[in-house]
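Subject: Structure handover

Hi,

Here is the structure I promised to pass on to you. Have a look through it first, and my notes follow below.

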Amino acid sequence: MRYAAPTTTREAAALIAKAKGRAFVLAGGTDLLVRMKIGTIEPELVVDIKRIPATQSITKSATGFRIGAGVPTAAMGENNALKKAWPGVVEAANLIGSDQIQNRCTIVGNLCNASPAADSVPALIAAGAKAAIVGPRGRRTVAVDKIVTGPGTTSLKKGEFIEAITLPRPPPRSGDAYLRFIPRTEMDIAVVGAGVSLTLGPNGVVKKARVTLGAVAPTVVLVPAAARAITGTRLEDVALAKLAAACEAACNPIDDMRGTIEYRTEVAGVLARRAAKIAYQRAGGN
Amino acid sequence: MAHDTSFTNQEFKVIGTRPPRPDGVDKVTGRAAYGADTFAPGQLVGLILRSPHAHAQIRKIDTSRAEKLKGVKAVITSDDLPDLTNGDRAMLDILENCMARGRALYDGHAVAAVAAIDAETARKALKLIKVDYKRLPHVTDVDEAVKPDAPIVQPYVRTAGVQPPPTKASNISQISEFGHGDVEAGFAQADFIVEESYKTEQTHQGYIEPHACLASVGPDGQGELWVTTQGHFTFRNQCAALLGMDVAKLKVTASEIGGGFGGKTHVWMEPVALALSRKANRPVKVVMSRDEVFRATGPTSSTSVDVKIGAKKNGRITAATATLRYQTGAFPGIWGMLGAMTAYACYDLKNVKTVGYNVLVNRPKVAAYRAPSAPMAAFAVESTIDLLAAKVGMEPVDFRIKNAAKKGTKASYGPTYGPIGIGPTLEAVKNHPHMRARLGKNQGRGMACGFWFNFGGQTCTDLNIGVDGTVNLTVGTVDVGGSRASLSLIAAEELGIPYERIKCNVADTSSLGHNDTTEGSRGTFSSGMATIFAARDAIEVLRERAAQTWEIDVKDVKWEGGRAVPKGVRHSNLGTLTLEELAAASPNTGGPIAGHNEVVADGAGVSFASHICDVEVDPETGATKVLRYTVVQDAGKAIHPDYVEGQLQGGAAQGIGWALNEEYIYGKDGRLQNPGFLDYRIPVCSDLPFIDTEILEIPNPNHPYGVRGVGETSIVPPLAAVGNAVSNAANVRLTHVPMSPPRILKAIKNRRSNATTG
Ligand SMILES: Cc1cc2nc3c(=O)[nH]c(=O)nc-3n(C[C@H](O)[C@H](O)[C@H](O)COP(=O)(O)OP(=O)(O)OC[C@H]3O[C@@H](n4cnc5c(N)ncnc54)[C@H](O)[C@@H]3O)c2cc1C
């Protein structure tokens with residue numbers, strides 16, 4: 001196995017593109033190293049991107065935020081502007097693993113590991129996040145929900161990797177939230193996750209919403225029907241019941257040791273309701 | 001010298017204090033050497049190939065390609081572990097569990113092993129071994145395994161305990177019955193009867209340190225083994241017998257141990273490591289992965305239990321029965337029998353009958369897990385006791401007090417009790433402030449009792465006094481829970497010197513006589529007894545040396561406050577001689593001063609506990625949060641209260657994990673789905689509240705200080721205490737452990753739909 005730690009994006013892309021065997025980008029390594037240790041992957045090349053300056057910072061601009069692909073999620077929790085703008089994204093990123101894990105792990109790694117249960121991804125998709133991709137043929141930007149194509153697979157082409165995630169500047173009277181269910185209090189994999197991002201009109205009525213679910217289908221699902229169920233409402237009980245029903249209908253989970261189909265489906269509705277209420281409050285609704 | 005083991009009520013100077021443990025600094029700085037921390041020149045890496053099938057015939061194992069791989073020094077199969085057990089089927093079972101003999105009996109069963117110069121080579125070699133399996137039908141569920149048409153796990157097994165002895169093979173290896181009186185007559189007198197069935201899933205002890213050893217056998221047949229174990233003498237005897245070695249020529253050294261809880265009481269891969277070393281003629285290190293620990297060591301039984309209890313309106317139980325089916329893995333075990341013995345041990349019953357079934361399934365060989373078998377029986381019985389108390393209209397604690405066993409009660413498993421602690425623990429629970437803490441919405445409280453026998457057994461201890469008056473206490477019981485601190489306190493108490501002047505070591509098998517394994521909560525009880533007697537032996541010598549120095553009769557010398565003191569005014573001008581002075585003079589007064597004792601410590605005191613638990617259940621997700629937890633237990637005498645409290649808290653923590661989330665999950669293919677700590681969910685810190693403890697001290701009449709074992713009983717009540725609390729919080733009876741969120745949510749939904757239809 002070869003290990004490389006290039007200092008520029010171009011160098012990194014060239015290394016990956018030219019690799020003969022399987023090449024992997026190394027961000028925090030909290031997924032990659034575990035898989036190498038248990039032997040499910042045997043990389044020919046590992047490219048550590050943490051020496052590339054462009055991956056190392058969170059920057060705020062007039063259009064929003066840019067989070068470098070090497071930024072550990074702990075740093076997101078320490079960025080007050082980000083926390084204020086996208087509390088749901090930050091809380092999702094800060095649910096990953098434990099303090100030790102968060103000192104290393106990244107949201108891009110979480111995304112590219114392509115687990116249906118990845119915690120930060122439903123929040124990112126609800127927030128309308130985009131991925132800035134670099135590759136041998138240059139750069140492109142795509143919506144985060146277009147990256148994962150199935151468990152363990154992504155739409156990234158050979159030689160491509162993600163340099164940063166961008167989040168828009170939230171409109172006024174917006175709020176987001178992410179909740180997950182795990183049987184324990186930490187160090188666990190989401191049985192169900194629910195992300196909600198919404199913007200209110202001046203009268204406290206939901207003007208625009210995005211609702212996502214994790215761990216209930218092969219990829220994170222965006223549920224437009226759930227968003228419609230609460231749009232134009234003040235999250236009255238009827239609206240929340242419709243939201244839950246729409247979420248349940250969008251579930252296509254598996255039965256496994258982490259949860260039954262029945263359980264996952266029911267809890268998806270419960271969490272979406274609870275997350276919607278938190279997002280609503282954060283947006284200034286009451 | 002014969003010593004008196006009976007309890008004498010004495011004033012203590014250091015017993016009951018809380019000095020830091022002697023192994024503490026090493027453990028927090030990383031200096032302590034655990035099972036994987038011993039290295040030998042030229043050592044090889046040993047790895048084991050394991051069956052991917054729940055049950056399969058092994059038609060052929062082709063090791064030729066692995067043997068040819070550069071760097072491979074030995075490859076072994078069961079051919080290299082011939083049967084030397086001479087008709088001892090239990091020993092052959094142990095050997096067969098270490099390495100499959102023609103049939104793989106469970107997912108993870110060892111089928112071959114390699115020793116190579118490094119891990120990479122060893123891993124490659126494993127892949128080069130070709131095993132030709134023919135899959136056979138399997139059974140992993142205890143209730144399925146007792147059905148007449150179930151696949152037979154072990155064709156040699158005939159059900160023991162039935163007349164006439166059966167001729168057909170069965171998965172039921174034994175049926176055993178306990179009790180007394182006439183249960184039918186008792187139920188006829190009852191005003192209320194409750195019958196309920198329960199299931200508990202299989203759990204693992206979950207010790208953090210995996211099994212690990214370094215084995216070295218020379219061409220002359222002498223060998224050494226460095227290993228993480230609860231009992232290195234037992235390991236030595238088992239390994240020597242299985243490999244045809246002389247017991248005296250196999251020296252086993254116990255490392256520091258990162259938890260065992262019963263799982264390190266017998267050998268799993270140590271004979272394999274020795275056999276590899278013998279074949280390779282090099283030392284071989286074998287360290288299990290977590291996956292191997294889960295799949296191929298000894299978890300506790302999954303169970304299925306039916307309970308029936310009847311009581312009069314006044315709250316007296318008139319009759320109680322239980323049928324307990326415990327799976328023992330792919331080999332016979334005693335676990336159902338222990339469940340049947342412990343089920344009703346807390347109660348004073350006129351009419352009681354329990355029947356225990358030991359049932360074979362295609363799962364790993366079950367081993368002891370802290371008070372083995374008692375928690376599941378207690379879950380079933382204590383849940384039913386709560387249901388019955390509600391029918392009678394009594395508070396659960398009052399109902400239990402009314403029926404509690406006491407001195408003179410004939411226990412359901414046979415003996416008549418001496419002084420015991422169940423009544424006092426229940427009274428302490430009734431008066432505990434926890435019982436008055438306010439409960440909010442979706443919150444519930446539960447309590448439960450538990451019993452464990454405790455064990456004494458063989459012990460051999462040395463006490464050597466150095467020239468500076470410091471003392472080496474040499475014991476053969478592995479220190480799992482702080483026993484070196486407790487034993488040092490005992491030596492300090494007897495000798496009358498400060499705790500800091502004692503250094504307690506766990507010796508290897510060539511340095512002391514046989515010591516039984518640290519199990520059955522016996523470490524401090526039995527080695528404590530031997531330490532008292534060894535110290536008293538040494539005091540005899542000290543008095544003799546003083547008498548010799550003073551030229552007076554030894555009868556005129558007493559030992560007091562760490563010094564020899566002449567008795568009577570006649571000798572008042574002689575002054576005193578301290579232990580230090582006597583030690584310094586010892587080269588000229590007869591040589592080193594030592595004490596020694598070997599004992600079969602009979603009379604372990606039975607132990608009882610009562611626990612209280614408060615929980616909150618989320619009615620929409622089925623998630624449980626433990627809010628408060630209190631343990632009340634009789635310790636007999638708490639030598640070092642910190643480590644007693646540690647045991648009480650640890651048992652409760654493990655029990656809470658078992659109650660709520662831990663379980664072995666098998667797929668339809670008979671393979672374990674969750675062999676790792678990610679999906680086998682032991683509690684993390686933030687899952688647990690502070691666990692409060694209250695130690696009671698009802699002396700054990702058969703120990704000089706009144707000590708009872710304390711290590712195990714604390715895991716017995718939690719399944720039921722949590723179960724009763726959850727059932728009260730969710731307003732529906734939970735009968736299946738673990739009470740995981742999906743199970744609780746399902747029970748709540750069933751209750752709701754029954755309420756609307758009913
Ligand atoms: C103890 C523990 C607990 C955990 N708990 C959680 C949890 O609660 N929730 C959760 O969602 N996850 C959890 N995880 C999984 C893991 O920590 C997360 O998925 C984490 O976000 C991965 O980030 P990373 O930077 O460490 O990824 P890495 O391991 O570095 O990479 C993961 C994958 O993404 C690829 N990759 C990384 N960066 C890029 C890039 N820039 N472009 C393209 N591909 C890239 C890698 O090649 C690899 O395939 C846990 C892991 C552990 C070990």
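Here is one to start with: at its relative accessibility, does B:Lys279 count as buried, partly exposed or exposed, and which value goes with that? B:Lys279 counts as partly exposed, at 43% relative accessibility. Please keep in mind that this is a predicted model, and that the values below are computed from it.

**Salt bridges**

B:Lys279 has a partner in B:Asp80: the two form a salt bridge, with 3.0 Å between the closest N and O atoms. B:Lys279 sits in helix α8 (residues 270-280) of chain B, while B:Asp80 is in the loop between β3 (72-76) and α3 (89-98) of that chain, so the bridge ties together parts that are 199 residues apart in sequence. B:Asp80 is likewise partly exposed, with a relative accessibility of 23%.

Another pair in chain B is B:Arg325 and B:Asp306, whose closest N and O atoms are 2.9 Å apart in a salt bridge. This one links strand β14 (residues 317-327), which holds B:Arg325, to strand β13 (residues 303-311), which holds B:Asp306; the two residues are 19 apart. B:Arg325 counts as buried because its relative accessibility is 14%, under the 20% cut-off. B:Asp306, at 29%, counts as partly exposed.

Some of these bridges share partners, and in that way B:Arg21, B:Asp23, B:Lys27, B:Glu256, B:Asp479 and B:Arg484 are joined into one network.

The side chains of B:Lys749 and A:Glu262 meet in a salt bridge, N to O at 3.5 Å. B:Lys749 belongs to helix α19 (residues 741-757) of chain B and A:Glu262 to helix α11 (residues 261-282) of chain A, so this pair joins two chains. B:Lys749 is partly exposed, with a relative accessible area of 29%, and A:Glu262 is partly exposed too, at 40%. Over all chains, the structure holds 60 salt bridges.

Now for the nonpolar side. In soluble globular proteins, nonpolar side chains tend to be buried together. Here the largest nonpolar core has 98 residues, and B:Tyr344, B:Tyr417 and B:Tyr629 have the most contacts inside it. Helix α11 (residues 374-392) of chain B gives the most to this core, with 11 residues.

B:Tyr344 is worth a click in your viewer. Leaving aside neighbours within four places in sequence, its contacts include B:Val307, B:Ile309, B:Ala320, B:Ala322, B:Leu349, B:Val352 and B:Val381. B:Lys308, B:Thr321, B:Thr354 and B:Ser412 are also among the residues that B:Tyr344 contacts.

**Chain A as a whole**

Chain A has 11 helices and 14 strands. Its C-alpha atoms fill a box of roughly 55 × 45 × 35 Å along the principal axes. A compact globule with 286 residues would have a radius of gyration near 19 Å, and chain A agrees with that, at 19 Å.

Of the 286 residues in chain A, 53% are buried. Among its contacts between residues at least 6 apart in sequence, 59% join residues at least 24 apart. The chain exposes about 12,600 Å², of which carbon and sulfur atoms supply 54%.

Happy to talk any of this over.

Best wishes

Terms used:
Residues numbered from 1 in each chain as written. Chains lettered and ligands numbered in written order. Predicted model: local features only at pLDDT ≥ 70, side-chain atom pairs only at ≥ 80, totals over all residues. Heavy atoms only, no water. Salt bridge = Lys/Arg side-chain N within 4 Å of Asp/Glu carboxyl O. Helix = DSSP H or I, 4+ residues; strand = E, 2+ residues; numbered from the N terminus. Buried < 20%, exposed > 50% of the residue type's maximum accessible area, 1.4 Å probe, protein only. Core = buried A, V, L, I, M, F, W, Y, C linked by side-chain atoms within 4.5 Å. Contact = heavy atoms within 4.5 Å. Rg over C-alpha atoms; globule rule 2.2 N^0.38 Å. Areas by Shrake-Rupley, 256 points an atom, 1.4 Å probe, with all protein chains shown as cover.
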